[in-house]
Amino acid sequence: MSGDRKIRQGSGSDFPVATRWLSDMGLPSADLTPEHMQQFLVASVDDRPVGMIGLEPFGKTGLLRSLIVARNSRRNGLGKALVDALETRASRLGVTELWLLTIDAERYFLRLGYAIVDRAKAPPEIQATQEYSSLCPGDTVLMRKYL
Ligand SMILES: CC(C)(COP(=O)(O)OP(=O)(O)OC[C@H]1O[C@@H](n2cnc3c(N)ncnc32)[C@H](O)[C@@H]1OP(=O)(O)O)[C@@H](O)C(=O)NCCC(=O)NCCS
């Protein structure tokens, strides 16, 4: 993939594309507002958005959410670059354990150092998120990485 690749902080103007991507991929978006986009990172090629990832920080605990790379930009390392950048950002905010819920990407996150954890062992801050309560328990895997 050629072009100028960047990862930048999200902003309210990314909201329409973010919610469209999430609904296209069947990932939760009902709890998102334009203000939340500041907690997102957006990957772009030549200033065209091609991927994103979100963080919900709760002190030392954080929720990684909404990782998406556009279909025609996949398998170029953009997903890993977004996860790396989010981990760096989370560390700077004082997050020491990053959690996520995934429907079918657990093998992807295992490769990035995340471990599967029994859903009942999610910390209360994670259990209180809309992502945790809105996703069907039987369909999702809970994962954690210590930063
Ligand atoms: C998961 C996703 C973000 C990866 O993006 P990407 O930019 O292609 O990822 P990378 O380039 O860093 O890694 C590509 C590798 O991951 C593998 N991979 C991608 N999705 C995977 C999945 N769901 N499970 C296992 N492996 C996966 C690819 O096969 C490729 O493997 P290879 O290196 O052996 O060729 C992208 O496939 C996507 O947007 N999927 C739909 C949304 C989704 O499931 N998001 C996760 C929500 S928690």
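In which strand is Lys6 found? The legends below describe a predicted model, and the opening view takes up this residue.

**View 1. Lys6 in strand β1.**
Lys6 is found in strand β1, which covers residues 5-9. Lys6 has 11 C-beta neighbours inside 10 Å and therefore counts as exposed, since a residue is exposed if 12 or fewer other C-beta atoms lie within that distance. Val50 is 44 residues away from Lys6 along the chain, and 10.0 Å separates their C-alpha atoms.

**View 2. The whole protein chain.**
The protein chain has five helices and seven strands. Read from the N terminus, the order of these elements is β-α-β-β-β-α-β-α-β-α-α-β. The radius of gyration of the chain is 14 Å, close to the 15 Å that the globule rule gives for 147 residues, so the chain is as compact as a globular protein of that length. The C-alpha trace spans about 45 × 30 × 30 Å along its principal axes. Of the 147 residues, 29% count as buried. Among contacts between residues at least 6 apart in sequence, 68% join residues at least 24 apart.

**View 3. The largest nonpolar core.**
The largest nonpolar core has 30 residues. Met52, Ile53, Leu64, Leu82, Leu86 and Leu100 are those with the most contacts inside this core. At least two residues of the core come from each of β2 (40-45), β3 (48-58), β4, α2, β5 and β7 (141-146). In soluble globular proteins, nonpolar side chains tend to be buried together.

**View 4. Contacts of Met52.**
Which residues is Met52 in contact with, leaving aside its neighbours within four places in sequence? They are Gly10, Ala18, Phe40, Leu41, Val42, Ala43, Ser66 and Ile68. Met52 is also one of the residues with the most contacts inside the largest nonpolar core.

**View 5. Ser66 in strand β4.**
Ser66, one of the contacts of Met52, is found in strand β4.

**View 6. Arg75 in a loop.**
Arg75 lies in the loop between β4 and α2. Arg75 is exposed, with 8 other C-beta atoms within 10 Å. The phi of Arg75 is positive, about 60°, although Arg75 is not a glycine.

**View 7. The partners of strand β7.**
Strand β7 pairs with β5 in the antiparallel sense over six bridges. In β7, Val141 stands opposite Thr102. Strand β6, residues 115-117, also pairs with β7 in the antiparallel sense, over three bridges. Here Ile116 stands opposite Met143 in β7.

**View 8. The shell around the ligand.**
There are 17 residues around the ligand, and Val69, Arg74, Gly79, Lys80 and Ala105 come nearest. Which elements each supply at least two residues of the shell? They are β4 (61-69), α2 (78-92), β5 (97-102) and α3 (106-111). By type, the residues of the shell divide into eight nonpolar, four polar and five charged.

Technical notes:
Residues numbered from 1 in each chain as written. Predicted model: local features only at pLDDT ≥ 70, side-chain atom pairs only at ≥ 80, totals over all residues. Near = placed C-beta within 6 Å. Helix = DSSP H or I, 4+ residues; strand = E, 2+ residues; numbered from the N terminus. Nonpolar A, V, L, I, M, F, W, Y, C, P; charged D, E, K, R; others polar. Core = buried A, V, L, I, M, F, W, Y, C linked by C-beta atoms within 7 Å. Buried ≥ 20, exposed ≤ 12 C-beta atoms within 10 Å, placed from the backbone. Contact = placed C-beta atoms within 7 Å. Pairing = 2+ DSSP bridges. Rg over C-alpha atoms; globule rule 2.2 N^0.38 Å.
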